[in-house]
Amino acid sequence: MSTQVVTGILTASDGRSAPLKTTLTDGSDSQGVGRFCDGWTLTHGYVQAATGIAYAYILRNGVNICNLTSISSKAQGAGYGARPLSHSVRIIPGDQLIVRTEA
């Protein structure tokens, strides 16, 4: 198992954005977003890591409510930035961004 630095951004409908950065051990996941994006309606976002990301999504009470674009840095290239979400989602306290990295 290795550790990955996961970075990204979440963008709200009013233009506010929250940069993301955390370190995850491959095969583990989770980062709370409900405490710093409470009340935001997210419209765009992405996450990336040095190697592979298996998945990334917003979790609410055990249910995947919205997938995020997730790619490896090697595939990322320059200038892609935040991508539109499949649908906008209003963040509430307790929501989590779940990201699973794979070596």
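Predicted model: local features only at pLDDT ≥ 70, side-chain atom pairs only at ≥ 80, totals over all residues.
**Salt bridges, strand pairing and cysteines**

R16 is partly exposed, with a relative accessible area of 39%, where partly exposed covers the range between buried, under 20% relative accessible area, and exposed, over 50%, as computed with a 1.4 Å probe on protein chains only. Residues are numbered from 1 along each chain as its sequence is written, and side-chain values use heavy atoms, with hydrogens and water left out.

The side chain of R16 meets that of D14 in a salt bridge, with an N to O distance of 2.8 Å; a salt bridge is taken here as a side-chain nitrogen of Lys or Arg within 4 Å of a carboxyl oxygen of Asp or Glu. A search of the whole structure finds two salt bridges, and one of them joins R60 to D95, whose closest N and O atoms are 2.8 Å apart. Because R60 lies in strand β5 and D95 in the loop between β8 (83-90) and β9, this pair ties together parts that are 35 residues apart in sequence. R60 is partly exposed at 21% relative accessibility, while D95 is buried, with a relative accessible area of 2%.

Strand β5 (residues 52-60) runs antiparallel to strand β9 (residues 96-102), to which it is joined by seven bridges; strands are DSSP runs of E of at least two residues, as helices are runs of H or I of at least four, numbered from the N terminus, and two strands are said to pair if DSSP finds at least two bridges between them. Within this pairing, I53 has T101 of β9 as its bridge partner. Strand β5 is also joined by four bridges to β6 (residues 63-67), again in an antiparallel arrangement, and the bridge partner of R60 in β6 is V63. Two residues lie between the strands in the hairpin of β5 and β6, where N61 takes a positive phi near 50°.

The structure holds zero disulfides, a disulfide being a pair of cysteine sulfur atoms within 2.5 Å. C37 is in no disulfide, the nearest cysteine sulfur being that of C66, 13 Å away, and C66 is likewise in no disulfide, with the sulfur of C37 as its nearest at 13 Å. C37 is buried, with a relative accessible area of 0%, and C66, at 1% relative accessibility, also counts as buried.
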